[in-house]
Amino acid sequence: MRNTVIVGAQWGDEGKAKITDLLAEYADVIIRYQGGCNAGHTVVVNNETYKFHLVPSGVLYKNKFCFIGAGTVIHPETFLKETEELKKRGVDLSSLKISPLATITLPYHIDIDGISENTSGKNKIGTTKKGIGPTYSDKVGRYGIKVQDLYDEEALNSRLDAILPLKNKILEKVYGSKIYTKDEMIKYCKEYAKIFEPYICSEWVDKLTKSLKEDKKILFEGAQGIMLDIDYGTYPYVTSSNPIGGGAATGSGIGPTHIENVIGVTKAYITRVGEGPFVTELKDETGEKIRTIGGEFGTTTGRPRRCGWFDAVLSRYCVLVGGLTQMAITKIDVLNDFDELKVCTAYKDKRNGKIYKDYPTNINLHNYLEPVYETFKGWKSDISNAKTIEDLPENAKIYLNKLEELVGIPIKIISVGPNRDQTIIIENPFK
Ligand code: IMP
């Protein structure tokens, strides 16, 4: 068994899609297990750029079973736009399937997300305004609509009867927002049923059971990152799902005993979009330099990303809560032109000098924390053509060895540029 989870081990945008794309070639089944169209996964193949939001990037290979699991939330119009775009570019989507248990993002979820963000002033989360939080809230509150509900008129009617009266009261009285009639919602749902029809996979239990029996190689594709996890991230500045390795089990329908590897994808530095604590954030020209060279602007929202030095304290925490077994380091080439590099090895409380080697999960404390850094010499050369570890300059090797030592798990993949062939694969879990 080699089944492997790919999870972001920072605040998202770590370059998971590239790693997923590389390993998908060797996998038989690729499952996206959480999140929704808040994700923006960019893959570059033969200098062509593909941007994914919901669809697993494994669709770029033929004959893989690509599955969007029950842990996801799907906005039908965005899904339609994404799939149409891929089809126009010649991508065959016949192997793409959706769990009937995935939850649908409805128009009012997007309305509520927008209003909440626009009215919460300095308390805003900085969400992608894609309706993610309100959709997951309804799912957990048992006010959601699942993909399978769209194909059963009686069930859909009764779901809407249960949901709409209360939802409309909240929309009108709390948010001062547009309300939706039942007829309107039925019309939307009919459209959605058509959108999902070619993809819904009612036989998913059989399909996944057979995949396990036949020892097929399964790749679980996470979205966002561990530090945005609803339970273990920097709450409330998080998304509303579980990107951690354990989320792959709940969100895919394949239990934890079938998972062997969890690859934590981390940049050689760190970024975050939206609000929330960020101990190693660089608000100076060094941060600006990383943002410019790294092209650090959101795929989904275009927002500039906040940039900072690699945080080993946070990474060690991700190893624990994410169940990481190895790291994939991405965008190390972005650091080609720095005289010196820093890595955060501990946090220090400015008020009393207290040192934290383990990540303090009380984020109220983070305003008072400053990073304790170890400094490294830069390599000041272009490493974007390196094919093996041996091709890397000595200072890059020293930097990577130190990351391994500080985080406590091995680095098995190093990405030195956006293209598929700009990758050093030390060990492929599927080979
Ligand atoms: P939401 O997921 O849209 O509710 O946004 C909640 C937080 O997660 C915000 O800080 C977003 O910027 C962040 N976020 C959501 N999706 C991504 C992603 O794919 N990459 C990076 N940050 C994300």
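This section describes salt bridges in a predicted model.

Residues are numbered from 1 along each chain as its sequence is written, and side-chain values use heavy atoms, with hydrogens and water left out. Local features need pLDDT of at least 70 and side-chain atom pairs count only at pLDDT 80 or more, whereas totals for chains, interfaces and linings use all residues.

The structure holds 26 salt bridges (a side-chain nitrogen of Lys or Arg within 4 Å of a carboxyl oxygen of Asp or Glu). One of them pairs R420 with D21, with the closest N and O atoms 2.6 Å apart. This pair links distant parts of the chain, 399 residues apart. R420 lies in the loop between β18 (411-415) and β19 (423-425), and D21 in helix α1 (residues 16-24). Helices (H or I, at least four residues) and strands (E, at least two) are DSSP runs, numbered from the N terminus. D21 is buried at 1% relative accessibility; R420 is partly exposed at 27%. Buried means under 20% relative accessible area, exposed over 50%, and partly exposed in between (1.4 Å probe, protein chains only).

A second pair lies within helix α2 (residues 76-88). Here K88 bridges to E85, and the closest N and O atoms are 4.0 Å apart. The two residues are three positions apart, so about one helical turn separates K88 and E85. K88 is exposed, at 68% relative accessibility. E85 is partly exposed, at 43%.

E296 and R305 also form a salt bridge, at 2.7 Å from N to O. E296 is buried, with 0% relative accessibility. R305 is buried as well, at 5%. Salt bridges with shared partners join D13, K267, E296, R305 and K331 into one network.
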